[in-house]
Amino acid sequence: MGSVVGARFNAASSQLSSQRIVRFRFRDLRACSTGRSISIASSRSTAALHTTSSPGEGSLSHASSASGPFASSRSSTDVAVLGGGAAGLTAAYFAATTGARVTIYERTSETGKKILMSGGARCNVLPVSATAQDFVTESNPRLVKAVLASWTVARCREWLEQDVQLELGIEHVTNKYFPLSNSSREVRDKLMQACLRVGVEIRYDTSVESLRPIDNGAAWALRIRNGVEEHVPVVILAMGGLSFPAVGTDGTGYAIARRDLNHVLNEPYPALVPLTGEHPGGERLPGLSVDVSLECEQAGAQATKKKKSKASRVGFLFTHRGFSGPSILDLSHNVVRPLVRTQGGIETSSTAGKVDLDCATTDGGSSLPTLVVNWSGETREEWLTRLTAPPGRAQIATRLRDALPQRLADALLAEAGVDIKCRVADLKKDERLKLLGVLTKYRIPINGHQGYRKAEVTGGGGSLDEIDT
């Protein structure tokens with residue numbers, strides 16, 4: 001969830017207090033048109049859109065980037081948005097509607113790549129509803145509630161349909177809004193056109209590497225890679241996380257937030273990411289999918305403090321390297337966050353915010369949370385009835401195959417040490433107990449994750465405790 005934050009505006013004195021970076025409200029941008037200075041920065045961001053420098057609706061030509069020897073110049077921009085993502089473009093739109101001159105600084109030659117990728121190229125724009133319980137935070141949950149209350153799903157949908165002119169429909173299976181066209185490209189283009197209508201300018205291939213306050217905090221100096229140092233009164237930081245680095249997200253925004261703005265960051269980690277590990281019974285089951293019931297059991301002292309987390313989705317997929325599918329992605333952060341932070345390997349020795357994209361691994365220590373799967377969703381009692389029901393000559397493998405894919409059923413038998421030809425009447429008590437455990441409470445042997453290359457989002461980032469909600 002991206003956030004836009006800025007320095008607190010003191011209405012009584014019409015001055016800024018730069019003592020604390022706080023959440024920025026777009027109404028404060030009206031000060032830009034009356035000569036006041038408002039410094040804004042953010043430590044979090046999301047995906048991107050492709051817009052142009054032309055204030056008119058229609059043409060989609062690229063704006064030229066700053067070039068030439070390193071020098072400083074006063075920009076004609078009121079608000080500099082660093083990053084052409086969904087968060088950045090939304091911020092730019094609302095800033096421009098106040099009358100501010102807004103420029104988006106996009107470090108790549110195209111924006112909107114993650115928008116185009118989302119929802120299987122259909123773009124799941126919004127959930128039908130959202131509560132604080134739907135989000136993961138390391139801060140006080142009440143802060144999430146405050147953020148959601150500041151811009152509800154209903155208000156966001158109204159903006160998308162009326163101002164952005166995007167036609168939405170509900171997909172009841174997923175309980176999400178999708179564009180009626182089922183095209184993520186339309187979502188990107190509509191957002192582009194909305195920004196064009198309010199005069200937002202885009203500068204491509206313009207990478208802001210750092211920023212610093214100038215004029216006693218009345219403005220910001222932007223250091224642009226291979227370009228000039230530009231001075232602007234207002235900055236919005238929306239530079240993206242670390243997931244899918246191939247589309248240009250390398251963590252520069254985190255470096256700026258921590259180094260230049262002194263933000264406290266919860267160390268980033270890959271989230272919604274496939275996990276690695278051995279398949280049951282030593283078998284290889286890539287490509288096999290099944291609907292399961294998956295939950296996370298905390299380890300140590302946390303086991304008594306926290307409730308078990310249960311995946312909201314049931315899809316489970318065996319991959320060549322381990323495990324994926326909606327249920328795994330739902331709960332992966334429970335394992336990856338402590339895995340990354342206890343074993344390190346998230347950041348390189350560089351101070352520029354780069355990250356190590358190699359997978360973090362673990363030796364399976366008991367200090368980490370464990371993902372526990374019930375392969376069919378049936379209870380232990382239901383499986384007990386299935387495994388003991390007559391006739392005694394029936395094979396146990398057949399009973400498993402009645403409820404599970406054959407490859408998985410055979411792998412689970414091997415995991416429990418039960419001969420594939422074993423009959424119901426010949427199944428010993430200790431074998432039956434072990435098999436019941438494998439079927440209903442199998443502890444997935446996770447030894448790592450597939451990193452930011454495969455992660456759908458980045459966990460961690462700016463602390464909500466630093467945001468004025």
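Helices and strands here are DSSP runs, numbered from the N terminus. With that numbering, the loop between strand 10 (208–214) and strand 11 (219–224) is the place of aspartate 215. The model you have open is predicted.

**Whole chain.** Start with everything shown. The protein has 13 helices and 24 strands. Of its 469 residues, 49% count as buried. The protein exposes about 21200 Å², and carbon and sulfur atoms supply 48% of that area. Among contacts with a separation of 6 or more, 72% join residues 24 or more positions apart.

**Stop 1: aspartate 215.** Select aspartate 215 in its loop between strands 10 and 11. Its phi is positive, near 50 degrees, and the residue is not a glycine. Most residues other than glycine have a negative phi. Aspartate 215 counts as partly exposed because its relative accessibility is 46%, between the 20% and 50% cut-offs.

**Stop 2: phenylalanine 244.** Move on to the loop between strand 13 (234–237) and helix 6 (252–260), where phenylalanine 244 is found. Here too phi is positive, about 50 degrees, in a residue that is not a glycine. Phenylalanine 244 is partly exposed, at 25% relative accessibility.

**Stop 3: helix 2.** Select residues 113–121. The buried residues of this helix are Lys114, Ile115 and Leu116. They pack against helix 1 (86–97) and helix 5 (184–197). Then click cysteine 123, which follows helix 2 and has a positive phi near 70 degrees.

**Stop 4: strand 17.** Select residues 293–297. Strand 17 runs antiparallel to strand 21 (residues 370–374), and 5 bridges join the two. Serine 293 has asparagine 374 as its bridge partner in strand 21.

**Stop 5: phenylalanine 323.** Go to strand 20 (residues 322–324) and pick phenylalanine 323. Is this side chain's residue buried or exposed? Phenylalanine 323 is buried, because its relative accessible area is 1%, under the 20% cut-off. Show its contacts beyond four places in sequence: they include Pro274, His279, Phe316, Ile328 and Ile444.

**Last stop: proline 391.** Select the loop between helix 9 (380–388) and helix 10 (396–401), which holds proline 391. The peptide bond from proline 390 to proline 391 is cis, with omega near 5 degrees. Most peptide bonds are trans.

Definitions and conventions:
Residues numbered from 1 in each chain as written. Predicted model: local features only at pLDDT ≥ 70, side-chain atom pairs only at ≥ 80, totals over all residues. Heavy atoms only, no water. Helix = DSSP H or I, 4+ residues; strand = E, 2+ residues; numbered from the N terminus. Buried < 20%, exposed > 50% of the residue type's maximum accessible area, 1.4 Å probe, protein only. Contact = heavy atoms within 4.5 Å. Areas by Shrake-Rupley, 256 points an atom, 1.4 Å probe, with all protein chains shown as cover. Pairing = 2+ DSSP bridges.
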